[in-house]
Each structure stands twice: as C-alpha cells, then as structure tokens.
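User: I have a model open here and would like to talk it through with you before I set anything up. Can we go over the fold, the contacts between chains and a few details?

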Protein chains: 6
Amino acid sequence: MKKNFDLLTMGEILLRLSPSNNERIDRGDIFYKQVGGAELNVASGVSLLGLRTGILSKLPENSLGRYVKNRIRFCGVSDDYLTYDNDDDKRLGIYYYENGAYPRKPNVVYDRSHTSIHKLDLADYLPEMYASTRIFHTTGIMLALGSQARSTTIEAIKRFKEQGTLISFDVNFRGNLWTGEEAKETIEEILPLVDIFFCSEDTARLTFKKEGDLAKMMKEFALEYNISVVASTQRIVHSPKVHDFGSVIYDSKKDIYYEEEPYQNIDVVDRIGSGDAYISGVLYGLLATDMDCKVAMQFGNATGAVKNTIPGDLPSSTLEEIERIIREHQSTGPKLEMDR
Amino acid sequence: MKKNFDLLTMGEILLRLSPSNNERIDRGDIFYKQVGGAELNVASGVSLLGLRTGILSKLPENSLGRYVKNRIRFCGVSDDYLTYDNDDDKRLGIYYYENGAYPRKPNVVYDRSHTSIHKLDLADYLPEMYASTRIFHTTGIMLALGSQARSTTIEAIKRFKEQGTLISFDVNFRGNLWTGEEAKETIEEILPLVDIFFCSEDTARLTFKKEGDLAKMMKEFALEYNISVVASTQRIVHSPKVHDFGSVIYDSKKDIYYEEEPYQNIDVVDRIGSGDAYISGVLYGLLATDMDCKVAMQFGNATGAVKNTIPGDLPSSTLEEIERIIREHQSTGPKLEMDR
Amino acid sequence: MKKNFDLLTMGEILLRLSPSNNERIDRGDIFYKQVGGAELNVASGVSLLGLRTGILSKLPENSLGRYVKNRIRFCGVSDDYLTYDNDDDKRLGIYYYENGAYPRKPNVVYDRSHTSIHKLDLADYLPEMYASTRIFHTTGIMLALGSQARSTTIEAIKRFKEQGTLISFDVNFRGNLWTGEEAKETIEEILPLVDIFFCSEDTARLTFKKEGDLAKMMKEFALEYNISVVASTQRIVHSPKVHDFGSVIYDSKKDIYYEEEPYQNIDVVDRIGSGDAYISGVLYGLLATDMDCKVAMQFGNATGAVKNTIPGDLPSSTLEEIERIIREHQSTGPKLEMDR
Amino acid sequence: MKKNFDLLTMGEILLRLSPSNNERIDRGDIFYKQVGGAELNVASGVSLLGLRTGILSKLPENSLGRYVKNRIRFCGVSDDYLTYDNDDDKRLGIYYYENGAYPRKPNVVYDRSHTSIHKLDLADYLPEMYASTRIFHTTGIMLALGSQARSTTIEAIKRFKEQGTLISFDVNFRGNLWTGEEAKETIEEILPLVDIFFCSEDTARLTFKKEGDLAKMMKEFALEYNISVVASTQRIVHSPKVHDFGSVIYDSKKDIYYEEEPYQNIDVVDRIGSGDAYISGVLYGLLATDMDCKVAMQFGNATGAVKNTIPGDLPSSTLEEIERIIREHQSTGPKLEMDR
Amino acid sequence: MKKNFDLLTMGEILLRLSPSNNERIDRGDIFYKQVGGAELNVASGVSLLGLRTGILSKLPENSLGRYVKNRIRFCGVSDDYLTYDNDDDKRLGIYYYENGAYPRKPNVVYDRSHTSIHKLDLADYLPEMYASTRIFHTTGIMLALGSQARSTTIEAIKRFKEQGTLISFDVNFRGNLWTGEEAKETIEEILPLVDIFFCSEDTARLTFKKEGDLAKMMKEFALEYNISVVASTQRIVHSPKVHDFGSVIYDSKKDIYYEEEPYQNIDVVDRIGSGDAYISGVLYGLLATDMDCKVAMQFGNATGAVKNTIPGDLPSSTLEEIERIIREHQSTGPKLEMDR
Amino acid sequence: MKKNFDLLTMGEILLRLSPSNNERIDRGDIFYKQVGGAELNVASGVSLLGLRTGILSKLPENSLGRYVKNRIRFCGVSDDYLTYDNDDDKRLGIYYYENGAYPRKPNVVYDRSHTSIHKLDLADYLPEMYASTRIFHTTGIMLALGSQARSTTIEAIKRFKEQGTLISFDVNFRGNLWTGEEAKETIEEILPLVDIFFCSEDTARLTFKKEGDLAKMMKEFALEYNISVVASTQRIVHSPKVHDFGSVIYDSKKDIYYEEEPYQNIDVVDRIGSGDAYISGVLYGLLATDMDCKVAMQFGNATGAVKNTIPGDLPSSTLEEIERIIREHQSTGPKLEMDR
C-alpha cells in the first residue's frame, strides 16, 4: 500500500542565531537567522534526496512561527503536521551558535525553556496519520525536554508502531537537558519499539553502561531489544575546521557490520546537523533499497560528511550530488576538480 | 554634597532583533542585534549629554549578558549596578521589531517571559547606593512585569526617596503586560513618592480616568500627589515615516506650563525609544539647571525629536548636537544645510 | 465538490536581481536575489491569505531552478505543477530592477529570451488537474512570450473552462513583448472564456481602443464578452516613493460599480508586484465570499496598497494584517501607531 | 583642431567613508568606501555623458592610491594625468560622511591635512598637455588647501589659458579651509582668466561683497572680469531628504539670463556632489552645442537634480537618462512610471 | 616601432554571480557580482603588472554592459576595442559559481547561450588595430562558442599574424561547449599561426591524442607547428581549499624546458582564473624580457599561485607584489610574516 | 593598600579599516571598522580576564574620537584617562589591514602621521594617578612616534616607577617608525626602570645586538638592568592561516625559565594583536598570583594563541574560556568537541 509519506519526524524546531564567520556571540552587529532542530534536519535531508517527508511540531502563531513554517517548506518538508500555539506565553526556542577555530571551540548558548513545543498534543492529529508513513523518527531530545513532551513522544511512537510504521530513534544525548540515568531509564523503556537505532560509541558506554568494543555493544542493543539496524557514527576532530567522518552499521538480520574508509580531512564549515544529515542518508538508503544497510551506510557517510561543509543546521544536497560524492569516494582514478 | 551619579535607573534590558530596512520578521536571512529597554534608553541619553549615569538590572551570566553589558558601557552608562544570573534557566528577554511603511504599521513581537530580570534583588546592592545619585528613574514596565519585579521596584523607590533622591517615573503603559486597572492601582500607590512624572494624555484619560483638557489633568496629578514636574509628550503620526513631536511640561511650584512649537515632519527612521530619549532630555535639563522646566522642555523636545532619526532604541546625540538643534529650532534666519 | 486548490495560475517565474537601496545596476558589488513573476505573485498572495494555490510553470533542472522551487514553497504556493527542463539550453529568465527616486525612475532590464518556460507542455499534466481548482488565472505576458507559450496558454484556458473552472485574466500589457495590435487580437480571442477580467484604464483605451469614461469601458467589456467581474486599478504616482492606490470593480450581474477612498501617500518601498497583489486580494475576496465584489474590492485595494511597502515582487501579508489594514482604512477614530 | 580631451580638471581626490543608511559615524561596524572630490565629480559627470575627460591629481603610491586610480577609471575618467607620491609621509585625504534626517543634519568630518595633493607639481606634466583639452576646470578648494597647491593651481590656469583653453572655475567656498577675505583676494586674482564661472548667490554676497539681486551680481562678475558664462545654482532645502534644485545662467555675450522651473521635491539620497554634477551638466551642454547656455542650463539642472538620488559623490547618469529626464521635466503630458 | 598596446585579447566577458563564502547557489539572499572571462583575466593580469592591454569583445548596450565596461577599466584594461550590441535580443552571458569544501566540489552553472559576443564583428575595427599590439591572445573558448565566433576568431588571428603580431593561444578545453574531436580539428587548423601555446597535459593527451610524457608532447607541438613557446601548468588538488601550483615551459628555439619547485599548499580562496593569471604572468615575462622563458615561468607560477588567494576571476597583484613573491619563493632564509 | 587599577597602559589608539575576508584594500565597497593599538589591546585583554584597567591616550574630539572612546568602554577598559584634542588639525591615526593567504602575505598600510597622540600631555593628569595602579605598561611604539611622545612616555614611566608601580615594557620594534640604533639607544635608557620586559628573540639579536641562545640573552637583560621578568614569544608561521605559538619566561629572582608545549596548528583568523594578547595573559597571571611566572606563561600562551582566532586587534576571551583552554592544552584525555 502506497503511503503518503516516506518519513515523518517529531521534534522541536529552533531559531538559530549566529554571528558571521569567526565573530563571537558577544560582539558584532548582526545575527544570521536560520532554523534547525535534530528531527527537522533529518526530515529535510531525506526530502532533498527525493522522498516525501513531514514533521510533527508546534510553533508559536506569530511572525517567528511563520518564518519557521516557510523555511520548513523551503527545505522541502511538508508543513501538514505543524500545529500552532496561540497562547499569550507562546514562544519559539532559540539557540545561539558561534564557530570554533583551534584552540577556540564552537560555542552554543541555548534559550529553549518554556517553548511552545511543550504543548505539542496528539489530540491535534487524526488517527490516519499514524498509518501514513513508512518510517517515524524522533530523538532523545524530545524525551529530555520535559514530562509532557516525553509522554507525548512515547505515545506517538506507540501509535505509529501499532500501525506498522518502522520506528527510528537517535539517542542524541544532551547532558544539559537531562542526566545519563534519566536518559538510560527512559530510552530503555522505548527501545523495544525501535527498529532503527542511532547511538554513538561514547553514549553506549557512558550512558547505557555498555562495555567492550563498539561492535559488541551494537550487537547487544540489537539482541536485547530486537532492533533491526544499529548505526554509530565515528568522528575524529582534528580541529574545529578539520574532521574525519565515517560510521558502522550493524544489520542484525544478516548479522553483518558495514563500514568503509572514512571521509578524511573534511573542510568543516558548520558541523552542526552533520549527525542528523548522516541519519537522513541512512534512512534514505534504507527506504530506497528495501533496507540495504550497505547502501544506507554509504549514503549516511556521504550526507554526514558533506553536511559539514554547509552553513546552518540543514543539509542541502541533492541525490545527484550525494551519488557523485559516493562515486568519487569509492573511485581510485583521476577526479575532476570542479562540477561544471 | 557631590553624588557619584546624576542618574540611576532600574529596568529590564532586552536584546532587540530587527530585519534590515523594510524587510519583515518572517523573511530574510539577517537580524540586526541591538539592545534596548525604556530605563536604559533614558540612562544612555543623559550620559551622552555629559552626566554620569548607571542602571540597576539583572543579566544572564553568558555571552548574551556579556554582549549587553558591553553595549551598555559603549553607550556611556556605568555597569557598576548590573547583577548577573547564573541559574540554569537564566535568560535574556528579546523583542523583534520591524519598521512600518504606510499602510503597514511598525510591528513588535515580544519574547520576554521568564527572564533574569525577575530575579533582580535589592539584597545585591549596598545601602550606600541609595544616596549616591541625584535622580532615580524607573517606569511602569518594571511594575507590570510580575509581582517580584513590582515589589522590588516599589521598595527601591522607597529607599532612594528616603535618602533624598528625586524620584522620576514614566507610566509607559503597555496593554500587553497588564490591564489599565492594575496599572492605575499600582501606580497610584507610588505616586506620592514621585517628583517628576511622565504621562501621556491618552494614558491620563484612559488609564487614570482623568477628565478635561491636558493642562487640567497634569495639574491634578501634581496637586493630588505633590509632584513637582509633570511632563507629557505630544506626537502626531502622519505616517510611520513622518511624525510631529512636542510636549507640555507643568512646573507645579511655579504653576507654569511650558510648551513650544513642535518639531514638524520629522524623518522617522526608528521611532522606538524616542519617548525615552525625551525623558533623558528633560532629566538632563532639570539636572543641568537646577530644575528649570523651560530648559527641560526644550532639551526633551530636541532629544525626543532627533531620536526618531536614529536606528535602534538608544539615542546617540551629544550635548553639542542637541544644543545646535535647539538653536536651529528657535532660529528664524537662514540655516546651514550641513554640519561640516 | 471540494477542490484540491482554490487557485491555480500559469506563468513564467523569473530570477530578480536588484542592487541595494538606491544603488544602480551598473555599480556596486551585490545583487539581492529574489523570485517573481505576475502569476506567481498572484498565487502567493492568495496563499498567504489562507487559501490553497499552485502554479503551472517550467523551470531549468539546475540549482537555479531548485532555488526558485524552494522560494515558491517558502511563499506558500504548491510546487506540484512545476515541471523541469533538462535540455542543454535550459535557462531561467532574469530581470534586473533598480529603485527610482525622483527625478530618477525605477528601471528594469529584462533578460528573458530563450527560457525554459517556452517549453511548458500540457502533455506533462494529468486531465484531473483541470477540475482541481476553483479559479484558473493567467496574464497577457504568457500570451506575449511567443507562439508556443501562447497556444499552450490558450489551450490551458480552454481545458480549465471546460471543467467549469472560473477563468481569471489580467491583460498586463507589456510594450516590450508585443505590440498593442497583437495583444488586442489575441486577447479578444480568449475574452469569451474569461470570467474575471483585470484591465487598466490606459490599456482599455490605448490597446483595446475603447472610448468614454472608465465605467463605460468596463461595462462594454462585460457585455461584449459576458464577463462577470471587471476590475481596474487606479494608481497616482506622486513620485517613485509616494503613490496613491485604489480601484473600481464592476459586477456585471448586479450591474454595480464598487469603489472606495483610495489609499493615499503610500510609502512605496518596492512597487513591483503591487498590481499582482491587488489581483490576489480581489480573487481572495471573491473566493472567500462567493463572489462579493465589494469585499473583493476592499481586499484588492488593501493587498495592492500594502505590497508597495514590501521589498521584492512577492506579497507578504497575512489575512490578519490585511483585515486590520481594511479596518483602519475604514475607521475614522483614533488609530494605534504600532502593532504590538 | 581635434583635442585629445574635452575636459581636464585639477583637484584633490579623497577617500570617502560613510556608515550605512542612517547610521552614525560614531557607531556601527562598517564604512562604505567611495571616492570623491569636487573636480573629479565634474570630470566623471562629463565623461558619463560621452565626452573625454581626465584629471590632474597626485595620489599616494600604495593600495589606497591604487584603489582611487581604479575607481577613477571605473567612472570613465582618464588616469593619464595622475601622478604618484612615494614619500614616506604620503597620504590620501579622507572624509567621513553621514546622512541627515530632519532634525538631524548631514555631517562631515574631514581628515585631509598633510595629503599628497600638496605635492602636485606641474614639472611632472609635458607642455603639450596644456593644449590638449577644450576646457580646464578647477575650484576654490585647490586654492584653499595651502600655498603650494594654490600657486600650482594658478600657474596651471595660466598655462592652459595661454594655449587657448577655456577656463572654468567654481568658487566652492569652504569656511573650514580659508576665510572669506583670503578667498576673495585669491579668486579675484584669477577671475580675469576665467571664462565660465560658478558662484552661489550666498557666496557672491557674503564672500565677494556683491550687492543687489542675483542677476545684478552675476552681470557684475561678467563685466568686471570679462567672463563669458556665469552660473549660479538655487537649492531649497525642505529637509535633508527633500530639496528643490534649479539654476540661473547668464550668457554675457548675448546678455541673456536662462532659467527654468526648478526640479521640486527631489528624493534626496545623497546630496554630496550634486553641485559638481550640475557643473558637469553645464560644461557638457556648452561643449556639445558650441556654448548654448540654454542647453547648458537644462543639462546642469537635470544632472544636478538627479545626482541627489545617487549614493556617493560621483554622478552615474548616461546621456540617454539625462535627456529623458529633461524631456519629462519639460513635458506636460502623461508620464511613464518606470523605465523598462 | 613603439606599439600602442603590449597585449590585445579577444573573448567573451561574463557576469559572474556567486553566493557568499560557503553558501550555495540554491539558497541565500545575495549574489556577489563580478566580471570574468578567460581572455579578460589575461589582459587584466598583464595590465596590473604595468603593461598596456585591451580586449576585443561585444557587450549589450544596457546597464549590464556598462557595468562590465566600467569593471574592465577598473582592472586596468582599455575599453577602446569594446563594441556594443543594441539589438532587442542583446544579452550578457552569466555564470554562477559556488566554492567547494571537501568533499563538496566547486560548482559552476553557465547561462551563456544567445549572448552578444556571438555578434562580434571584425568590420567594427580599423585595419590599424592589427598592427597596434605586440601580442594577440585568445582561447579555445572563442572557437567553441559557435560558428560565427569561431570564424571571427580565426580571421582575427590571421590578420594580427599578418601584421607581425605574436599569437598566443590557450586551448582551455571545455567539454560542455564542444567535443574533443571538434576542438582538435579546429585548433589544429590555427596552430600553424600560433607562437605561444598553452595546453595542459590532460588536454594534450585526451584531446590531441598525444602520447608519452609531458616534455615529449610539448616538444611535438613545437616542432609540428613551429611554435616558439609551449607552456603547461601543473596543479595538484589536495582539496578545494589546498592546491599546489607549478608549470613547465618549453623554449623551442633554445630547446630548453624551464621548471621550478611548485608553490605548495596554496590557501585557495577562489581558484577560478588562476590558469588565466598564469598566462598573464608568462606573457608579461616574455614581453618584459624579450622572450626569456625562465622569467616567464617564474612570473607565471607566481601570478597563477597567488590568484588562487583572490576572490573573483580577476587577478589583483602588482608587479611589486609578484616580484616579492618570486623572491620569497626562491629564498631559503628567514621570511617576514607580514608586509608593512 | 588597594589600588583603583590593576593595570594602566599608555599608547596610541588607531582606527583599523579592513576589507572583508580575503578581499584586498584596493578593491571592494566596504571596510570593517575596528579599533586597536598595542597598549589598548593589552589593557583590554587584562580587563576581560576580570581585572580593572585603563589607558592614557589622546583622541580627537569628534565623532571618530567618540567612536573610539565607546569601543574602549565596550571592551572593558576605563575611559577615565583619555584626553581629547580639539585643535583644528586634530586627527585619529588609521591603519588598513588585509588578511594573507599563502603565497600572499597579510598587508598593512599605515596612516598615522600628525595624529593627536603626539599632543598627549602629562599636565592633563593628576599626580594621584601615578600611585593608582599596580602595573604600568607601555611599548616601544610610543617611543618611536616622535620626540614629544617619547619624552612624555619616559617621563610617565619615571613617575609611575617613583610611586612604586611595576613597569612593564614591550619592545615591539617597528622598522617603519625608527631605526634599530635609535630603538636600542632609547630603550636602553629606560630599561633600568623596567620590571617586566617583553622582547622577541629576533629583536634581542638584531636590535640589541645580543648573542648566544635565547635563554642566555634573556638572562643578560635581567642581570644588566635588574629586570624581574623577561618574556619572549615563539611563533612559527606555517602559512598566514596556520601558526604555532608558545613562549619562554625567565624569572630572574628564582633564576628559572618557564616553557610548555606550544599551541600547534592554530587556525589563524586574525593574527594582529596576538602578541599583545599574550602580554595581557602574562600580566594577568602575574597580577593574579603575586608574580608566579609559570601561571603567567600558561595564561600568556593561551591568550596569545586564542587571539589568533578572533577578528580584529582586540582579544575577546573571558577568564572561564582561558582557563578551559589551558586545561585542555594540558590534558591528555578525551576532549569535548564543543562548548555547550
């Protein structure tokens, strides 16, 4: 049966304000305004690659909410499942971001308390929605924001699961939102519902108290919670402006680990959202191939790597561009210097 | 006895974000970042004219708070009485502003709930402060923000008054912060402490339920609450880009009303803060002349009128500039086209 | 029967490049990039007011086409009926625009030959489309671009008409695209299919050789071609930065002319697209009220007037804003200076 | 005999630094960089209209001098007669300019002492130069800069005059460079050499101590010093953003005064250089018509009026644009709103 | 006999539009406007080094053509041999360029069909022109644009050759303009006229079907077509932001190959035009030394290397800067960190 | 006894104008405006770390002087000891700076002759000032500017020394201001007064004619002139965009040299002022610890290294940031990629 959407995500969408280039938050006359948020970034990445996506979120009903809605549409994501908050205390979350340059790190200041996302309410959605998508994706951030967002998120996961939707979940642990203990307890509650699981090696070890090497930990998750796909990115930070990026994906049905030579010495322009872009590549790969984890790994690595070169949270690569990058990455022959 | 400060004000300081020129909040890639706030605007205006001013406020202890502190210093106001909030939920209030162009009005979106100003605490200040200034100024906004800000403000007024400080108060009624009834009741409680009172004709009529012409209402305030100086601006809005600006000041000791030909067809660049700039001119005039209300009225009209031509909340006129504008305004002879 | 769309339009979409503020095309280092086009402007205006719209157009399949597609989505218009040109000689039309300032006029340089719109092909659309909208709107520009665009446009009008769709048509005469004679002959051929007709007084007189006053000419069109609604804007250009804007609408069924006091002394920021915005207001008014021409005239005047204050071709006003402007325009009492 | 140049001017070229829009010199993060100078402005204006012009000046031999040279070429003026200063203390003069907005005036800060122009030396030029142009133009600024610039300028005027070149001179009195007495004495010394003389009514009266109405004073200059053409602009400053502009030209051979309806309510974007643009129009008119003062007056008024709408010192109007403006100014019929 | 020009080139001049920094063509609000074109870039580079150059080209007679003309003058190139197209369908070619960042490549979108250059006509030039320059330079792009441009170019080469002018030719193969076969056939037709030949190793091999090592192929060209100088750049692309740059020049009269240590780890800011800058350095070296290929190679490498650090197509280095870079490149001692 | 200031410096403050990113001084439309100057940079760095600082300087009394004063306050430095020049020839020094990119070096053009700093006069300061600070710092630039600045500076050093103030002095040799001989002679005259001495290895060798290794030369200075602390930075310039930065400090009382692993592969954004930032870190370390040279070395290296990543002359790091960078630099464990 044809679904209306390939992917629906659920999450908070933030206004991002950044000074130009290497300027600092506490100086200068200008902020660049962008939108971002882990779940939007994923939906946008999948949409750019050619599939149909949407996002469940709640925005203030004012010019800022309108700005965000329009940007969401600009980046190819449907606004059908946005809801609006018209209370007096409605507000859009904000974060301020400045780039790093060694020995200065990138810096983030959050201003995301008391935002309209806390009022996201499943009562605003029709039951048909839960059957309208092939994958539903959300992240640990939604669980960490507060008790209402948490219970709404868990309920949504359950309803989508009930309708046969694949559940994709990214831990995305943020120490400034909750403790490792809270995260472990909450996420373990939903892991039995999860089909595609994204978790970094550090988080597996420090938050979930796993032990052993990465492969062992990934397999443990898969076995313990009956997860089909477990993916983990591997980033080496040479400096704020130079990273390596790769990943391992474990296909539990085939019991195979997929990995390739990482992208090395990436020219990092804006590192934010590259993990989300990775997820978008993986989900695209899975959706486009009937769950071929090798393709998913290749797309994930390419979308993640290239996102580092794009200003803002949101990815901006078409399918054609990603396929070309994958081909180049695999090729050993001479390469063209320029696309023209 | 020489005081350290000519003027201390108390109030919230906001980050202001505006699109460029005639662009709208819900479009475009850039926000101009500025700081503002009624009480800061007044302190800055008086400081630019050559007197020593400071502001009591509370800022989040992060890079945004630092930005605001530096801007405050940039505009000549002392940061001695700023306090800092280091709680997890610290935040700086924000407002978004777009210019108008007939038939489109200027537009403001506030995001000022749950901000650090609500934790402003007199316990952070030494008793000597209350005797260190000639005038203490605050506005109805501080009373409207919430119960803690209100009681702190009232207590501060009392303590300054006890030390013989002149109390200046601007009603600055904002219908989106409280009702007219709340405003009336609260302000009438502090009016007996007030020496210099700023109130618009509309507010006198609609909020304080005064009747009769402006002169009658002004005198009533003065008599009822033993106020020395009552000032009221008079603005005619021909379009968002063209205003007239003037005022009436009532000197209750002399029982004289001061008024002059208004500034007509002002080229309005940014109207925000022109009322505050007016107050800064009046307070400067009073401080510089031992309470000569005629001079105060002339300075107030000039500083208020010229602020309309300055981008941002904050005024930017030196004493020399204001004196030149006053001279030109009073002169009937030929005028130079340019200052060079 | 519920239609998917309230309005579909068909037209060319151009990249617009403009120097900043009052700078000239032949100087400076920067162009602002925007998109525009008469038919897109109309669709976007109706969409902003809350109805569902789309546009039939053809874009080059490259990053410029992608930019245009995303912008179209940003402004609320569906991209469902965009088609893409992947030929080697695909190209997007461009126009360069600089603002005027008396005695210098606004200036436009077109570079719109050989563009992909010429290959717009009805074979790319399913027959269902013709029944999917309440109104279909296009303009004389499509007829003027060349023989293929012309025949495609006429054929589209016929097919939509056959499915009971209301046909809206704006003459939008451009002397640099065709002669008055060509225009007259071609448009008279399609006028029998038109239900809602937009034509300026000058064009009626000079191109269609009508005579008499405006009311007489409007009625003649209605009678001769069985047109339900004939609308004509009335603009007085005091200077490139100050216009008056109003209109007359003739409802032929009721034989009534609707008119109101024009908006006077509009602060013109960017005049381009204000005629299209007017049409969007009129069509919204007709769609929202079951063809009440008085409401249509009020919405048209307000959307047209306020568009003059918005940079770029595209309108940017919500229903709430337009309704507020209409109320203010009709009110005689005191008006608030600012929306906050 | 065909000359290489229609016009050579001699003068200082300055770097101009301006904050954006209505921002002030003492705030903001950006200066717009431009070049200007009365004599360059005139040469550029004549060049834009299609004649061949150059400028005698001296620039520092560094990247700033290079910037100025390139800009001079950009605006159509020959760099053949630029000379370069390579001393250790070489420097380019600067001026800072901020726009006005009523009641705030435009403001200029000069930093033009000790600049390389003071070392301009006629020994750097070949004798042929003095016969290579139809008109030589300079201004009182060159006489006011200092004794060396003054004697160089006077000597240059003499040499050009000896070769039969028409001498054009603009008083351009600047009270911050010299006193009225110095100006009067110095200029009266060269007036017998002058053929085309530009002097404002105020300067005639206040500096040259003439009496009576403008016509009388103009004729006196012509008779006393055997001047062929005397021109005087007439500007009414309604506000920094709205001026009227017109002029009177006296043709002493025909004993006729030429005048027309002034350009009214000009949208002033940048008033600097509009007097120089006027001169460029007059000189163009004289050069293009064999000294027809009526045409000169029409071109002068149009070039002067339209320069007010152009950012920066330098004009930017082609012959086609000026002719269109003159036609519109004289026409009484309907006018097109836009050039396209 | 002294020639008026050291170098004339013939080619198309394009408007280049680029997003800022690492932004993409399909996003953002701004394009930087620049001009470029292989043959202009060469002429500008030679002019910056102090020789006299011009370009034969055809521009639309509108504000875009005017912008290009002024920019050409800004960069030191004569506009004497520009011709203008005033047909209705006149147009300026455009290309859009975005920077790369590994793993994302630089990207170019061309919009150069149907441009005015196709109408470049030798009938617009006087016969004297062909004898007025020491070198005439053009590239394979002119041959590839279309049949009229091709025959005009070939005819021009012949006429310049007949007057004893040295002919310089750069293959500059562009696969999007013609096939390798067409290129080979056409270029081989003109090679007998060529004195200075620029061809990359790849092109020699893939397009001209040469075999063996680079030295062998270069010598073959020289012998086969009696070419005096054959030059070939060698670029290693470590990433879009880091290149090495060097070259080999073969002096066929002396039968010597010149080569030096390449510039390594160049900080690439904008790679476009660095090959053209190389040619400008080589031609300057040949012109300044009576054909010393060693000097030509040193200048070529330095001008090519440093152009990579300059935004836009056009070089910007003075002779002094290039000589300093050459000295530093050859020096082994301590180097100053900064020029001041 | 508590002092009002921890540090006072004395020096010239310059307006700095820079093109954006990699653009050049001789091109482009914009300059970024900033302020800088060796002695201001030091005062600002110490102030940002939490101590109280001021600067003795002289500024023109105009809008540029006002801009500088406000910026000084913005960066945390007191304006109590600024004096103002109101002479006709008052002026602010300027320098133009463009970034480098290998093989192009950073470039500076100075325009600092005849500036108001030459009139700095100790008569404008009260005697109490000399006892009001723990350290007084100045540099060789003040000695090099001219005879009046030199004698004023020497006199100031003496007066501060007499009041028991520690004297800090940075040689900061500038070959474009004076010769090595002049520098040696003048500085040797004041060295007996100096307590903390900053001198690079090159300057020790080339200007002061010291011999042997760095340690030997540093100790010689200390013994010869009874200096407590001698510090010398060590910078390796891999390219204009990649430096290493470290230092050696010699504590003569303990006869110990302090050194640590340098910061390697710093992402250089703006190298100007990093030496001054180093001094600010050293002075902070000494002031905060009662002269612990190890802490001073660690702070100096961190503040110097991180300044390279900050646009403009002035540092921008808080104590918290510097302490975090020091911790990271010393740590060997895993590091967080981002501060959030």
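User: How many helices and strands does chain A have?
Analyst: In this predicted model, chain A has 10 helices and 14 strands.

User: And what about its overall dimensions, what radius of gyration does chain A have?
Analyst: Chain A has a radius of gyration of 19 Å, which agrees with the value near 20 Å that a compact globule of 340 residues would have. Along its principal axes, the C-alpha trace of chain A spans about 60 × 50 × 40 Å.

User: What share of chain A counts as buried?
Analyst: Of the 340 residues in chain A, 59% count as buried. As for the contacts, if one takes those in chain A between residues at least 6 apart in sequence, 72% of them join residues at least 24 apart.

User: Which confidence scores come with this?
Analyst: The model scores ipTM 0.93 and pTM 0.96, while chain A averages a pLDDT of 96, with 100% of the residues scoring at least 70.

User: OK, on to the neighbours. How many residues of chain A are in contact with chain B?
Analyst: On the chain A side there are 22 residues in contact, and they meet 22 residues of chain B. The elements that give two or more residues to this side of chain A are strand 3 (30–36), helix 2 (63–74) and strand 7 (107–111), and helix 2 of chain A gives the most, with five residues.

User: In which sense do strand 3 of chain A and strand 3 of chain B pair?
Analyst: Strand 3 of chain A and strand 3 of chain B, residues 30–36, pair in the antiparallel sense over three bridges. Within strand 3 of chain B, B:Tyr32 is the residue that stands opposite A:Ile30.

User: Switching topic: is A:Glu224 buried or exposed?
Analyst: A:Glu224, which has its place in helix 7 (residues 214–225) of chain A, is exposed, because 12 other C-beta atoms lie within 10 Å.

User: How are the C-alpha atoms of A:Glu224 and A:Pro315 separated?
Analyst: Those two C-alpha atoms are separated by 33 Å, the residues being 91 apart along the chain.

User: Last one, chain D. How many residues of strand 4 are buried there?
Analyst: Strand 4 (residues 53–60) of chain D is mostly covered, with eight of its eight residues buried. D:Thr53, D:Ile55, D:Ser57 and D:Leu59 point one way from the strand, whereas D:Gly54, D:Leu56, D:Lys58 and D:Pro60 point the other way.

User: Which strands of chain D pair with strand 4?
Analyst: Strand 1 (residues 5–10) of chain D pairs with strand 4 in the parallel sense over four bridges, and D:Thr9 stands opposite D:Ile55 there. Strand 5 (residues 82–85) of chain D also pairs with strand 4 in the parallel sense over four bridges, with D:Leu59 standing opposite D:Tyr84 in strand 5.

Conventions. Residues numbered from 1 in each chain as written. Chains lettered and ligands numbered in written order. Predicted model: local features only at pLDDT ≥ 70, side-chain atom pairs only at ≥ 80, totals over all residues. Contact = placed C-beta atoms within 7 Å. Pairing = 2+ DSSP bridges. Rg over C-alpha atoms; globule rule 2.2 N^0.38 Å. Buried ≥ 20, exposed ≤ 12 C-beta atoms within 10 Å, placed from the backbone. pLDDT = per-residue confidence, 0-100.
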